[in-house]
Amino acid sequence: FAGKFKQLKPPLPETTLWGMGIASGADLRHFLSSTRSLASFWYVTKRVLALWRDLLLFGRSTRLVNGNALVAGLATSVFEAGVQLRVNSPVTRLLMSDDGKKVLGAVIKTPSGEQTIRARFGVVLACGGFPHDVARKRELLPHAPTGHEHWSAASRGNTGDGLRLGESAGGYINKGFQEGAALAPVSLVPQKDGSFVHFPHLLERGKPGLIAVTKQGKRFTNEANSYYDFMRGLFAATPSGELPEAWLVVDQRFIRRYGLGAVKPFPMPFGSFLRNGYLKRGRTLAELANACGIDAAALQTTVASHNWQALQGRDTQFGRGDTPYNRVQGDNTQVKIKSKVDIHMKGKRVDSFVPEFANPCMAEIKHAPFYAVRVVAGSLGTFAGLETNEHAQVLNEDKQPIAGLYAAGNDMASVMGGHYPSGGITLGPAMTFGYIAAHHIASQATSSMASTRPV
């Protein structure tokens, strides 16, 4: 299948290193520790050398991780089964029976013109939901009143085609969810052509030495919680009529060790991000606050309070680091602290004994210069979608299945009702109901053949 490898969409450039995908877990830890561990340095060196070889031979990395690896595995299974994949062939409309009660196939637009494909037993809609459908965002996302105030990190090709096709066949869109999208904070990375890349902040928020503040200079949530909970906290803290936005604030030690958004950690340079305005910097917290439009006095007070709590190893305001989920997002390699320290709070000296074990999600923000990146409302995908039954059949407004029409993935209404209990809550149901739809279609095919078999 080497020839088909070129059809595989590469991973997002902003989440890779020179186009090289990095998996979460041990792979990522090696990259973050490459300047402090000889074993990690050697691991990363081998990965980079392999990348250079792949670039020379194939034009891209052949080591696939995360979603790229999943798609490649599924595609390989499809090719082995003799199934054709039509790329650059969007569906323009569904074919319906004369009475309008059954889906019979679809019309696709190909480089050679329109082509009709008849489906004997079913059509499955799996077009990725509506994260880049302006009209649907305006309708279903209250924080995006014009449809342009939501910057999803999902594929730019997910523009709501599946939902529109489903509606054209009589499908019903379930709109009664807590949230219409799998919310996530994103930052807008300027490009040379004037556009922006939507960078999802999934990893660094739980690392020690970062806080998130509003323009009032105050924290509003547990930064180490899930990206969905982070955004829910930001919505709650945003006054009515204002756009939800916050700033991730760190110091020099943090940005060189972990990076910040699209900014990679040491030894990667980040001067271009300062020049294009993506990254803000200040020699003092007050200078950083002025650069970001944050209340300077409040930010200094917030950082002082955070630093005091970091030394104590406990976030008394939001409980950062209290849960296993928080701690796995943190950094357990922090040095144990045992010494007695002198701290000055409001001009008074306070003696304190610091806990033997540091909170893996908390560290002081004290090493100038200081940095910040603005985050806005975004998502990793959408929840609202076509209502389906237990067989993944699309339902009409009367809750009756539409013959021959199925939905899976983000085209299907979320089985969690717009809640986000854990990571993978869009991918897991997509895999599950894709499997269910295929088996239900197969059962229909078997029944049809049995009924037409001569006695």
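Mentor: The side chains of Asp133 and Arg164 meet in a salt bridge, with 2.8 Å from N to O; the term stands for a side-chain nitrogen of Lys or Arg within 4 Å of a carboxyl oxygen of Asp or Glu. Asp133 lies in the loop between strand 4 (123-125) and helix 4 (134-140), while Arg164 belongs to helix 5 (residues 161-168), so the pair ties together parts that are 31 residues apart in sequence. Helices (H or I, at least four residues) and strands (E, at least two) are DSSP runs, numbered from the N terminus. This is a predicted model, in which local features need pLDDT of at least 70 and side-chain atom pairs count only at pLDDT 80 or more, whereas totals for chains, interfaces and linings use all residues. Residues are numbered from 1 along each chain as its sequence is written, and side-chain values use heavy atoms, with hydrogens and water left out.

Asp133 counts as buried at 9% relative accessibility, whereas Arg164, at 37%, counts as partly exposed. Here buried means under 20% relative accessible area, exposed means over 50%, and partly exposed is in between (1.4 Å probe, protein chains only).

The structure holds 18 salt bridges, and another of them joins the side chains of Arg219 and Glu223, also with 2.8 Å from N to O. In that pair Arg219 is buried at 8% relative accessibility, and Glu223 is buried at 0%. The side chains of Arg314 and Asp322 form a salt bridge with 3.6 Å from N to O; Arg314 is partly exposed at 48%, and Asp322 is partly exposed at 36%.

From charged side chains we can turn to nonpolar ones. In soluble globular proteins, nonpolar side chains tend to be buried together. The largest nonpolar core here has 73 residues, and those with the most contacts inside it are Leu94, Leu260, Phe273, Tyr278, Leu279 and Leu405; such a core is a set of buried Ala, Val, Leu, Ile, Met, Phe, Trp, Tyr and Cys residues joined through side-chain atoms within 4.5 Å. The largest share of this core, six residues, comes from helix 6 (residues 227-237). Apart from this core lies another, of 15 residues, among them Val213, Trp247, Ile365 and Phe370.
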